[in-house]
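Okay, everyone, thanks for coming. I have one structure to walk through today, so let me put it up on the screen.

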Amino acid sequence: MTARGFVTTSAYVLEHNKRRLLILLGVIALALFFWGIRTVFEGLAALVGQAPGLVVTLLFYAFAMIVQFGALMWFLSRPRTYTVTPDSPQIGLSFENYRGQPDLLDHAKSLVRILQGVQAFQQRGGEMPKGMLLAGAPGTGKTFLAGVMAAEAKLPFIYIDASSLTSMWFGMDALIVVSLFRKARGLARKYASPGTPGACIMFLDELDSIGLSRGGVQGGQQQGMMGPMGMMGGRGFALNTMLNQMDSLGQHVEDRMKYKLLRWLGIVRGPVAPKPVVFVIGATNRPDVLDPALVRPGRLDRRLNVYEPDGEGRRDILQHYLKMKAHDPEIPVELMVADSIGWTPIEIKTVINEALIVSHDEGREALTYRDWLTARDARILGIKQPILSMSQHDKRTIAYHEAGHAIASHYLNKEDRIQKASIIRMGDAYGVVMPTPKLERHQLHAQELENDIMVSLGSRAVEELLLHTKTANASADLRHATDRAMAYVGNFGMGSTLLAFPPSAMGVAPQVLELADRLLELLYEETKRLMREKEYAIHAVANALLEKGELIGPELDEIFAYADEANPEKAQPFERKPVVLPKMSDLAQRNGHLPATPVPVVPVQDPTPIPQPQPPGPLPRGMGD
């Protein structure tokens, strides 16, 4: 059977190259006819004798041209890549290292199993996925997850900084992409198991740097321009070339030079054998700007949204990193879980390390919960910078200002707790009160928004009722309350009308401003009533702040408990009156007309923007102006 196959192949090769052989024989016959056999053989002998010198000359000129143009262009355009192979493992990670997102880990494990068993999966009729998109906010662990997958898959892995695929030379970006995919297929074949096509993982970090949508007003891709040294390129062809490499008819056509030559000669025939799988993983913070052709089915069609971890995830992450640090064995992990709502894994890791730095600077061997809060505040607000020359009058004003926030938060928001109250300057804030939900919230209710406004107004209420003054330092609180009030009546439809206006740069309708002002007036009266009823607690918190400068959550709880026990007749739960706003039609009748021109409103640069649509997390309250 082998001999028959050899004869059949030889016959096909002769038939396939018959015309080429006839042309070759014709050329030889003409040469012999015109120059004779002796002259031809003498010419061939001379050519053979001069061949070494000729080869050296040609190589010199070729090398000079390559160095002058090709090497320079490649050197200036070379991408930043890192290659890891199964026989040279460098990524010391495993699935055990990825914490806080068990659902994502299950998807990653499923993908690794498919990539490791390519042949078995295809024998069952499965088609290998071409890629996956990891999308999420900065610090959520997209790159870390890709590294874990690479380490567990035991496959060749190429890490690429996608921004380095851009080139100053026109067209070089396309050549770089082709070269990378060729390298990936070569590595896949090299480390493939016998009888399998093999697979390689290619990870492109910050994919949006080359994957911008080609639509829009000016287009996401810059094709290039004419420069002093010729065509200067940007990211003109990188995306187009990558789309072609990931999914096109090129998947079914031979791309290896030696096999192209063998097919040209007719020695190799038939369909191309299955090519290795180059699985592309892209990571981006901006999935909305990617080109639709890049994320369509058949390319980066598996999308994993990497969110901030939930409560269980943060607990797992905290315990994982605390095991690596010297810490107080009685440290309240549950409070730390509540403190870190909305944090990314890298934020949690960084704050724990900063807390250990605080402990080390103070000469202690283990970090405590207070160190955690200090590090957290330094990250969010800034380092502590006490004003030693501040007068007692100013200190007292700040203490009562912050006590107003603390009292409103404690007696109104039973589902919240206060992390810290301080009158020590941190960043731009002279004082701060930091309330936070005890558990994550995924809905924002009207009563929660009303309470949030009252907490902001608590500082001005205390200033008027107890200090008999008004300070400019309450302006940030009033702006925050104003933003919330306008969102309440204008964006969320929680007021007396169901009309919900999207935020607009054109301004705010006068009716919305009037309803927001009415809402603030009603809630301010309620806030002042709360401060009158809980005046004993205001004095207790303010005096404690003047004495210690800073109070953490458990210390505040003790102060509130002591104050309520000492004043049992006033320690009853505060009952709020319901908010009743006038109808928009009543406002129109009272004004006699409906103004058509919106009132321009300058957007407020508030560090705690209106949640859209999720409820706010920890909101620092303080004297920031």
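Predicted model: local features only at pLDDT ≥ 70, side-chain atom pairs only at ≥ 80, totals over all residues.

The protein chain has 625 residues, and 42% of them count as buried. In terms of secondary structure, we have 19 helices and 12 strands. And if you take the contacts with a separation of 6 or more, 78% of them come from residues 24 or more positions apart.

Okay, helix packing. Look at H3, residues 102-116, against H5, which is 142-153. The two pack at an angle of about 35 degrees, and their axes are 10 Å apart. The crossing is right-handed. On the H3 side the contact uses Ala108, Leu111, Val112 and Gln116, and on the H5 side Leu145, Met149, Glu152 and Ala153. If you sort those by class, you get six nonpolar residues, one polar and one charged.

Look at the spacing in those lists for a second. An α-helix has 3.6 residues a turn, so residues three or four places apart point the same way.

Let me stay on Leu111 of H3. Is Leu111 buried or exposed? Leu111 has a relative accessible area of 0%, so it's buried. Its contacts, skipping residues up to four places away in sequence, are Pro129, Met132, Met149, Phe279 and Arg302. For Met132, which is 21 residues from Leu111 along the chain, the C-alpha to C-alpha separation is 9.7 Å.

Now the loop between S1, residues 81-84, and H3. Two residues from that loop are on my list, Leu93 and Gln101. Leu93 is partly exposed, because its relative accessible area is 26%. Which residues is Leu93 in contact with, leaving aside its neighbours within four places in sequence? Those are Phe144, Gly147, Val148 and Ala151.

Gln101 comes out at 14% relative accessibility, so it counts as buried. Setting aside neighbours within four places in sequence, Gln101 is in contact with Val306, Tyr307, Glu308 and Pro309.

Hold on to that stretch of chain, please, for the next residue, Thr140. Thr140 sits in the loop between strand S2, 131-136, and H5.

Let's move on to the rings. Searching the whole structure gives six aromatic pairs. The one I'd like you to look at is Phe157 with Phe203: the ring centres are 6.5 Å apart and the planes are at 20 degrees, so the pair is stacked. Phe157 is in strand S3, residues 157-161, and Phe203 is in strand S4, residues 199-205, so to speak 46 residues apart and linking distant parts of the chain. Both Phe157 and Phe203 are buried. Ring pairs also bring in Tyr82 and Tyr159, making a cluster with these two Phe residues.

S4 comes up again with helix H7, residues 238-246. Seven of the nine residues in H7 are buried, so this helix is largely enclosed by the rest of the structure. The buried ones are Ala238, Leu239, Thr241, Met242, Leu243, Gln245 and Met246. They pack against helix H6, which is 172-190, along with S4 and strand S7, 277-284.

Last stop: H13, residues 392-412, and H14, residues 446-465. These pack at an angle of about 145 degrees, with axes 7 Å apart, and the crossing is right-handed. From H13, the contact includes Gly404 and Ala408, and from H14, Gly458 and Val462. By class, this contact has six nonpolar, eight polar and one charged residues.

That's my tour, and I'm happy to go back to any of these spots on the screen.

How values were computed. Residues numbered from 1 in each chain as written. Heavy atoms only, no water. Helix = DSSP H or I, 4+ residues; strand = E, 2+ residues; numbered from the N terminus. Axes fitted to C-alpha atoms, helices over the stretch in contact; angles between N-to-C directions. Left-handed = near helix turned anticlockwise from the far one by under 90°. Contact = heavy atoms within 4.5 Å. Nonpolar A, V, L, I, M, F, W, Y, C, P; charged D, E, K, R; others polar. Phe/Tyr/Trp six-rings, centres within 6.5 Å; stacked < 30°, edge-to-face > 60°. Buried < 20%, exposed > 50% of the residue type's maximum accessible area, 1.4 Å probe, protein only.
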